[in-house]
Amino acid sequence: MSSKSAPIPAQADHEADALAREIAKLRAWACSGNEHLRTLCQDGLQRLRLLYSQAPEEQRARLFQADSIRELREISARLEAPPDETLRALLKQIFGYDQFRSGQEQVIRTVMAGLDCFAVMPTGAGKSLTFQIPARALGGTTLVISPLIALMKDQVDAVAARGIRATYLNSSIEESDRRQRLSAVCRGQFELVYAAPEGLELYLAAMLENVDLRLLAVDEAHCISEWGHDFRPAYRNLAGLKQRFGGIPLLALTATATARVQQDIVNQLGMESPVRFQGSFFRPNLRIAVVKKTGHPPVGRAMLQLLRARKGESGIIYCLRRQDADDLAATLRENGISAESYHAGLDNDTRHQRQENFQKGRTLVIVATVAFGMGIDKSNIRFVIHRDMPRSLESLAQEMGRAGRDGQPSDCILFYAWPDVLAHDFFANEQKDDRLGDQRREQARRMYRFAEAMCCRHQALAGYFGEHLAACGSSCDVCTDRDVLAEAAAPRRKKR
Ligand SMILES: Nc1ncnc2c1ncn2[C@@H]1O[C@H](COP(=O)(O)OP(=O)(O)OP(=O)(O)O)[C@@H](O)[C@H]1O
Ligand SMILES: [Mg+2]
Ligand SMILES: [Zn+2]
């Protein structure tokens with residue numbers, strides 16, 4: 001009899017694990033902002049209350065330890081709390097917006113409840129706000145890891161202009177300035193700190209010991225995965241960050257991650273059962289069209305045609321090679337179009353100047369390599385043209401995602417040809433790691449198959465990221481039988 005009732009350690013562990021998992025699930029449901037999940041949470045709490053009241057005393061004491069009871073009380077309080085207007089008030093007060101966009105509030109509530117969160121939301125969805133509002137609401141300091149060094153100053157200036165106490169730490173800052181900033185961070189002067197993953201080790205010790213960190217956000221989180229499209233080796237510095245910072249919630253954000261990349265991110269960052277949010281990839285105001293480069297008309301002439309039909313509009317043209325970007329920008333200028341090139345071969349000052357010219361509307365068209373793009377938030381970009389096929393569908397989604405962030409109709413035009421695939425093969429052959437080389441070759445072929453396929457472009461792109469979408473019916477050349485080159489040539493023909 002006594003041997004029967006004595007807890008077998010393995011079984012006790014098993015029961016405790018099961019309860020911990022149940023509590024984590026209930027907590028996620030309680031913060032989800034989804035009525036159905038909140039009802040399921042109520043039911044779950046009720047079941048546990050019953051178990052508590054009916055279990056023999058010994059089992060109850062073993063199972064429901066003080067921590068678990070406290071957590072269950074918190075969940076229950078969260079469910080019963082009246083709708084939280086504070087966040088909406090902050091949204092209005094800091095940013096002047098009346099409504100949260102889809103998913104934003106749920107992500108904010110999740111991290112504010114102390115849970116890890118993984119949000120995959122499309123380009124332009126407003127991911128930045130999901131750490132900027134908690135930065136104010138949580139108190140202490142929110143640390144944002146971002147690979148976008150060139151944009152950090154502008155991002156910090158933009159939030160500072162809205163009254164958030166923010167700063168950044170990256171390699172562009174002089175040593176003495178860096179020390180001063182770091183000591184100000186340690187004194188708690190900043191709510192929001194952007195840091196590059198490069199050199200993270202330099203700040204980490206001070207942050208771990210002295211900073212009252214409340215939230216850790218990893219922006220462009222796909223950069224940690226070598227299976228993603230923009231792997232940054234420095235992002236490897238983030239592996240195990242969660243463990244180092246202990247109980248602080250971790251928020252991973254990206255617009256482009258396949259299921260495989262998502263899993264890789266969760267593993268690499270050591271996230272604990274993150275609550276996941278996945279927004280729809282479909283942005284109906286982006287009108288996708290694909291053109292095969294056959295030499296008729298030559299690609300340079302096609303670009304001119306397209307741009308003449310878009311006089312006065314702001315846009316980006318992506319080229320694979322730096323030289324092509326320089327040449328095309330020069331041709332456009334010769335034809336009276338305000339254009340500058342942008343690529344990694346230019347020095348920092350020139351790059352910064354040109355980016356700012358574009359951002360402020362002093363230059364209408366930027367002709368760029370992949371060095372330009374991720375994180376650029378200019379609201380009125382009316383077109384993104386790929387003169388050459390990008391390396392992957394992820395890159396396509398990121399780059400065309402710069403267009404139409406104000407919700408207005410915008411064109412995303414992809415030029416492609418088989419030699420583009422061979423050009424990507426050339427880069428693949430340079431890879432030291434065979435697996436990455438193979439992956440790059442495969443990505444280019446997938447990209448080519450996407451361009452060749454005669455099915456809805458939005459449907460195919462969303463499908464690649466695991467979302468089932470009906471054919472768009474109105475926002476791509478396949479669904480509408482649109483010929484962008486003929487359309488661009490038409491007004492000129494009429495004039496003649
Ligand atoms: N609730 C809102 N109401 C109106 N505008 C918003 C709202 N939230 C964000 N925005 C605006 O949407 C734009 C895009 O936001 P943000 O740069 O955060 O996008 P993102 O999701 O990070 O995109 P990307 O993946 O391209 O980096 C910004 O100009 C931002 O001010
Ligand atoms: Mg962003
Ligand atoms: Zn379509």
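## Arg405 and Asp377

Arg405 is buried in this predicted model, at 18% relative accessibility (buried means under 20% relative accessible area, exposed over 50%, partly exposed in between, with a 1.4 Å probe and protein chains only). Its salt-bridge partner is Asp377, with 2.8 Å between the closest N and O atoms; a salt bridge is a side-chain nitrogen of Lys or Arg within 4 Å of a carboxyl oxygen of Asp or Glu. The two residues are 28 apart and link distant parts of the chain: Arg405 is in the loop between α17 and β13 (410–416), Asp377 in the loop between β11 (365–368) and β12. Helices (H or I, at least four residues) and strands (E, at least two) are DSSP runs, numbered from the N terminus. Asp377 is exposed, at 51% relative accessible area.

## Asp388 and Lys293

A salt bridge of 2.9 Å, N to O, joins the side chains of Asp388 and Lys293. Asp388 sits in the loop between β12 (381–386) and α17 (393–400) and Lys293 in the loop between β8 (286–292) and α14 (299–308), so the pair ties together parts 95 residues apart in sequence. Asp388 is buried, with 4% relative accessibility.

Both residues belong to a salt-bridge network that also links Arg321, Asp324, Arg387 and Asp420.

## Glu356 and Arg362

Glu356 and Arg362 form a salt bridge through their side chains, at 3.5 Å from N to O. Glu356 is partly exposed at 23%, and Arg362 is partly exposed at 47%.

## Count and conventions

The count is 32 salt bridges. Residues are numbered from 1 along each chain as its sequence is written, and side-chain values use heavy atoms, without hydrogens and water. Local features need pLDDT of at least 70 and side-chain atom pairs count only at pLDDT 80 or more, while totals for chains, interfaces and linings use all residues.

Terms used. Chains are lettered from A and ligands numbered from 1 in the order in which they are written.
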